[in-house]
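Student: I have a chain open here and would like to go through it with you. Could we take it piece by piece?
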Amino acid sequence: KYKDQVDFLQIEQIDELDKITNGEWWVEYSYPLCMYTDYQLNLLKNKMASPCQIITESAITVDADLNLIPCSTFYKQSLVKFGKDFSSYSEFKKYASRGKYKSVTEIMTRFARGYMFMDINEKLREICRLFRIEGTYVGSETIQVGNVNKTYEVKFIKPDGNPKSYLVQNVNTYAFRQPVELMENIDKVTEHIRGKRPGRVALHFHHTADRKTYVIDGDNFWRLTNYIPSITYNSAESSEIIRNAGCAFGEFQMQLADFDITQLHETIPNFHNTPDRYRQFKESVANDACGRAAGVQEDINFLLEREEQGSRLQRMLEAGELPLRVTHNDTKLNNVLLDKKTRKSLCVLDLDTVMPGLSLYDFGDSIRFGAATAAEDEKDLSKMELDLHLFEVYTKGFLEAATSLTDREVELLPL
């Protein structure tokens with residue numbers, strides 16, 4: 001079935017492939033992935049052949065004449081011919097363990113690892129230097145949380161002999177297309193909050209010598225913040241935890257109530273613009289690109305019946321009936337740092353989506369995540385309900401701290 005699609009192989013070669021593999025073969029374009037960024041490598045994982053199959057031994061790379069090559073970067077370094085010198089995986093393994101192939105791939109393995117698995121500590125040490133961190137660099141540890149940015153805890157011994165940690169992040173600029181504006185927002189907001197809580201725990205993003213909160217290194221976008229010993233939760237394990245999360249986001253609103261909203265960039269336009277979301281939704285339904293609309297018509301109707309209600313807050317904002325505020329826009333429970341002993345809130349983090357918006361959207365997103373009885377990606381919908389007790393507990397904590405909200409905003413919280 002591939003014969004009409006493959007124009008770089010001669011018909012004899014296709015017949016030979018059919019003979020060798022009983023028709024069980026396919027073509028993947030291969031690129032020198034050792035030159036790609038970590039984010040690109042992650043996107044392409046398991047989707048295409050890479051030269052570092054040398055390392056994983058999960059595939060082989062051949063040129064258009066079916067000559068085995070060590071990797072696509074060295075496409076001129078042909079070794080042996082598939083179908084002539086070996087015709088099965090077991091034969092390949094015997095050949096690969098000796099002779100020319102082994103010596104070449106040993107060199108290539110070191111080459112590939114040098115690019116793909118270079119010592120991250122050297123890079124982190126340099127980034128810390130650019131952020132003017134003083135002391136002796138000790139090492140780093142990858143923080144296995146979050147799905148967007150790559151995070152490291154870097155450890156130093158300060159000039160006074162005391163240990164100190166920082167967080168260094170490699171920001172995903174594919175997800176966040178305006179990283180400079182994003183960091184300008186974060187810097188202004190975090191510095192404003194620090195001024196409101198002297199002596200208390202607060203996020204602080206360090207600056208370079210030219211007063212920037214970021215370092216651009218080729219395709220990489222780095223930032224560095226203080227490390228706050230704490231604990232986070234992915235679900236409301238107790239009423240106390242969800243209440244303290246409510247207090248944290250309520251305090252966030254209170255601390256920024258006097259912030260000049262005109263200073264912030266709208267880094268993701270129309271992020272919570274429900275009328276615009278409905279417009280896109282109805283266009284998708286009308287186009288029905290995958291031919292699946294008929295099978296989910298009940299769900300489509302459910303959403304369309306609530307269009308007016310869902311668009312109400314945006315209409316009120318446009319009419320000047322609700323104030324535009326600084327909003328977090330990702331108010332999940334696990335974006336609150338809690339004290340390890342007392343479980344009291346310390347501060348909120350993950351400010352990548354901070355921008356102008358409605359306080360009600362922040363409240364609603366907190367409830368969506370925190371008062372749910374199942375994870376947000378749970379496939380068994382019978383497990384998913386809204387826990388009204390958690391809703392009540394969170395709301396009390398939120399309102400206790402967010403004393404800057406207007407009566408109208410409080411009245412509309414259930415919406």
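Student: Leaving aside its neighbours within four places in sequence, which residues is His192 in contact with?
Tutor: Bearing in mind that this is a predicted model, His192 is in contact with Gln255, Leu256, Asp258 and Phe259 once its neighbours within four places in sequence are left aside.

Student: OK, salt bridges then. How many are found in the whole structure?
Tutor: The search finds 22 salt bridges. One of them joins the side chains of Glu400 and Arg243, at 2.4 Å from N to O. Because Glu400 lies in helix 14 (residues 388-401) and Arg243 in helix 8, this pair ties together parts that are 157 residues apart in sequence. Glu400 counts as partly exposed at 49% relative accessibility, and Arg243 also counts as partly exposed, at 28%.

Student: What about Glu251, which residue does it form a salt bridge with?
Tutor: Glu251 pairs with Arg200, and their closest N and O atoms are 3.0 Å apart. That pair links distant parts of the chain, with Glu251 in helix 8 and Arg200 in the loop between helix 7 and strand 6 (215-217), 51 residues apart. Glu251 counts as buried at 19% relative accessibility, whereas Arg200 is partly exposed with a relative accessible area of 46%.

Student: How far apart along helix 6 are Arg125 and Glu122?
Tutor: They are three residues apart in helix 6 (residues 120-130), which means that about one helical turn separates them.

Student: Switching to Asp362: is it buried or exposed?
Tutor: Asp362, which is found in helix 13 (residues 359-370), is buried yet has no salt bridge, and the nearest side chain of opposite charge, Arg325, is 9.5 Å away.

Student: So what does the side chain of Asp362 reach instead?
Tutor: It reaches the backbone nitrogen of His328, at 2.7 Å. Not counting residues up to four places away in sequence, Asp362 touches Gln253, Thr327, His328, Asn329 and Thr331.

Student: Asn329 is on that list; what is its phi near?
Tutor: Phi of Asn329 is near 70 degrees, a positive value in a residue other than glycine. Asn329 lies in the loop between strand 8 (325-327) and strand 9 (336-338), and at 6% relative accessibility Asn329 counts as buried. Asp288, which is not a glycine either, has a positive phi of about 45 degrees; Asp288 lies in the loop between helix 9 and helix 10 (297-304) and counts as partly exposed at 29% relative accessibility.

Student: Last one, how many disulfides are found?
Tutor: The search of the whole structure finds zero disulfides. As for individual cysteines, Cys128 counts as buried at 1% relative accessibility, and Cys247 counts as buried at 13%.

Methods:
Residues numbered from 1 in each chain as written. Predicted model: local features only at pLDDT ≥ 70, side-chain atom pairs only at ≥ 80, totals over all residues. Heavy atoms only, no water. Helix = DSSP H or I, 4+ residues; strand = E, 2+ residues; numbered from the N terminus. Buried < 20%, exposed > 50% of the residue type's maximum accessible area, 1.4 Å probe, protein only. Lys, Arg positive; Asp, Glu negative; His and termini not counted. Salt bridge = Lys/Arg side-chain N within 4 Å of Asp/Glu carboxyl O. Polar contact = N/O pair within 3.5 Å; in protein donor to acceptor, adjacent residues only side chain to side chain. Contact = heavy atoms within 4.5 Å. Disulfide = S-S within 2.5 Å.
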